[in-house]
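Dear colleague,

Please find below the structure that I am handing over to you. I would be grateful if you could look through it before reading the notes.

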Amino acid sequence: MSRLVVISNRVADPRKTAAGGLAVALAEVLSNTGGLWFGWSGKIVPEGANEALHTQQAGPVKLATVDLTQADHDAYYLGYSNGVLWPVFHYRLDLADFDAGYIAGYRRVNQQFARKLLPLLRPDDILWVHDYHLIPLAAELRALGCKQRIGFFLHIPLPPPLMLAAIPGHDWLVRALFAYDLVGFQSKADLGHFAGYVETEAHAQPVEPGRWRAFGRTVQAGAFPIGIDVDEFQALTRAPEGAEMYQRMKNEYSRRKLLVGVDRLDYSKGLPHRMRAFRELLAKNPETRNSATLIQIASPSREDVSAYNDILHELESLCGSINGNFGELDWMPVRYMHRTVARARLPGLYRASRVALVTPLRDGMNLVAKEFIAAQDEADPGVLVLSRFAGAAEQMREAMLVNPYDTEGTAAGIMMALQMPLEERRNRHQALLQTLRRYDVHWWCDGFLQALDSAQAEEAGTSWL
Ligand code: GDG
């Protein structure tokens with residue numbers, strides 16, 4: 001059997017729990033198959049001291065990491081990945097900083113990754129590259145003679161063609177995708193944007209369904225919506241820490257309905273919009289005052305990117321004003337935490353909540369929506385209020401779908417969720433759980449790897465860069 005090699009910006013020890021969607025999913029995949037996981041160590045070292053390769057065996061998985069210099073980190077990670085690709089791919093052209101130096105650093109780090117990874121590869125390895133930090137990695141590997149199968153999965157959305165075309169060098173970026181044997185997206189909408197872009201901007205021809213020809217090469221692309229490990233998450237819900245958290249929350253909120261939000265503090269997650277909708281709910285429905293509490297966990301993220309500081313201040317000011325205006329001596333409407341909560345405690349919190357607010361302005365998928373459904377008590381389940389702009393909305397049609405830009409509409413959706421009769425809650429939950437089970441993380445992983453395995457071998461002799 002071929003060995004699986006996973007490459008992503010950050011590498012996490014699969015024996016420990018992680019807080020990011022991608023890390024959680026990849027740890028899961030690799031602990032099942034074994035293999036090699038390659039990426040950045042998370043360390044920044046002085047110029048000239050970044051040649052070392054660190055390796056470590058973590059159960060069945062070998063971890064291999066490299067360090068970055070400050071200049072590389074600033075240009076590749078903060079600059080191009082999180083200052084250009086993240087905002088534009090989340091439809092925020094206004095937040096993008098198209099500094100010309102960033103792309104050079106992005107390309108440089110992808111070249112370094114390719115050069116350091118190549119000697120570790122075996123001829124029959126299958127490579128799976130993850131996310132926007134590493135789009136040109138296959139092209140760099142191919143330029144060095146790598147012949148192995150390489151797949152790419154984009155965890156974040158792909159924007160519509162004209163928005164993608166706003167990125168200086170966008171054609172280079174998309175051309176780089178054609179060095180992969182398979183490109184996977186989270187949703188049909190993202191796949192549609194890819195097809196739209198390559199057909200209009202690159203004059204690509206669809207050669208068969210899901211396969212395009214351009215730049216002298218063909219590429220297979222498909223939608224592979226990521227899922228969670230439902231059994232593992234439910235076991236976490238029943239485990240002592242999950243059960244204890246559930247009981248504590250149930251006791252504390254016995255007279256009130258609990259609403260919950262769990263997000264990285266990121267402008268794509270729509271947190272200020274969510275707070276405005278919650279304020280609208282309290283203002284328009286006096287019966288919710290003193291009877292509904294929103295716990296919002298906003299785990300710290302990318303604090304060295306300036307747009308993240310702005311969102312932090314906006315959110316803090318909104319939470320403060322809601323509590324100031326509506327709070328009473330024995331009740332605060334919002335409990336806001338700018339901290340990371342231990343993973344073992346999340347399922348209990350989800351299960352004790354009547355409503356989850358998952359209202360991103362744009363999101364590749366959103367795993368919190370799926371975790372919330374998995375953690376519910378089937379006899380008395382809570383309701384998921386879900387943004388139609390989360391990739392998850394394509395699959396989770398029985399959630400209470402809302403438009404987060406519409407404050408009144410979202411507040412009305414939250415109100416309906418709070419008042420939803422038991423039978424309707426059960427019916428919706430049952431349908432959602434069934435989909436969640438069918439399209440879980442194993443389905444995602446197996447589906448992608450099988451498609452990669454059968455993706456047609458490519459002609460040699462293409463010039464990559
Ligand atoms: C990217 C895409 C896509 C959050 N706060 C805490 C915590 N979390 C965990 C959640 C969940 C994960 O982090 C977040 O996953 P999401 O999917 O919601 O979002 P991103 O991090 O933006 O992930 C996303 C995903 O990749 C996978 O493809 O779905 O669209 O943006 O698992 O539970 N975990 C702990 N403490 C926290 O405070 N322990």
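The notes below set out what was found, beginning with the model itself.

This is a predicted model, in which local features need pLDDT of at least 70, side-chain atom pairs count only at pLDDT 80 or more, and totals for chains, interfaces and linings use all residues. Residues are numbered from 1 along each chain as its sequence is written. The pLDDT is the predictor's confidence in each residue, from 0 to 100. For the protein chain it averages 93, and 96% of the residues score at least 70. The predictor assigns the complex an ipTM of 0.99 and a pTM of 0.95.

The sheet

Helices (H or I, at least four residues) and strands (E, at least two) are DSSP runs, numbered from the N terminus. Two strands are taken to pair if DSSP finds at least two bridges between them. By that rule, six strands form an open sheet in the order E13-E12-E11-E14-E15-E16, with parallel pairing. Its edge strands are E13 (334-337) and E16, each of which pairs on one side only. From one strand to the next, the twist averages 20°; here axes are lines fitted to C-alpha atoms, for helices over the stretch in contact, and angles run from 0 to 180 degrees between N-to-C directions.

Burial is judged by counting other C-beta atoms within 10 Å of a residue's own, with C-beta atoms placed from the backbone: 20 or more is buried, 12 or fewer is exposed, and anything in between is partly exposed. Strand E11 is mostly covered, since six of its eight residues are buried. E11 pairs with E12 in the parallel sense over eight bridges, and Val260 stands opposite Ile295 in E12. Two bridges join E11 to E14, and these strands also run parallel; the bridge partner of Val260 in E14 is Ala356.

Strand E15 (residues 383-387) is likewise mostly covered, with five of its five residues buried. In a regular strand the side chains alternate between the two faces of the sheet. In E15, Val383, Val385 and Ser387 point one way while Leu384 and Leu386 point the other way, and all are buried. Four bridges join E15 to the parallel strand E14 (residues 355-358), where Val358 stands opposite Leu386. Three bridges join E15 to E16 (residues 400-402), again in parallel, and Ser387 has Val402 as its bridge partner.

Helices around the sheet

Two right-handed β-α-β units were found. A crossover is right-handed if, with the strands pointing away from the viewer, the path from the first strand over the helix to the second runs clockwise. One unit consists of E11, H10 and E12, and another of E14, helix H13 (residues 367-375) and E15.

The axes of helix H10 (residues 271-284) and helix H11 (residues 306-326) come within 9 Å and cross at roughly 10°. The two helices are therefore roughly parallel to each other (angles under 35 degrees count as roughly parallel, over 145 as roughly antiparallel, 65 to 115 as roughly perpendicular and the rest as oblique). Residues are in contact if their C-beta atoms, placed from the backbone, lie within 7 Å. The H10 residues that meet H11 include Leu271, Met275, Phe278 and Leu282, and the H11 residues that meet H10 include Ile311, Leu315, Leu318 and Ile322.

Helix H14 lies across E11 (257-264), E12 (292-299), E14, E15 and E16, running at about 170° to E16. Gln419 belongs to H14 (residues 407-419) and is partly exposed, with 13 other C-beta atoms within 10 Å. Its C-alpha atom is separated by 22 Å from that of Glu371, 48 residues apart along the chain.

Most residues other than glycine have a negative phi, and most peptide bonds are trans.

- Phe215 is not a glycine, yet has a positive phi of about 55°. Phe215 lies in the loop between strand E9 (211-214) and strand E10 (217-223), and is buried because 20 other C-beta atoms lie within 10 Å.
- Asn366, also not a glycine, has a positive phi of about 105°. Asn366 sits in the loop between E14 and H13, and is buried because 26 other C-beta atoms lie within 10 Å.

With kind regards

Definitions and conventions
Contact = placed C-beta atoms within 7 Å.
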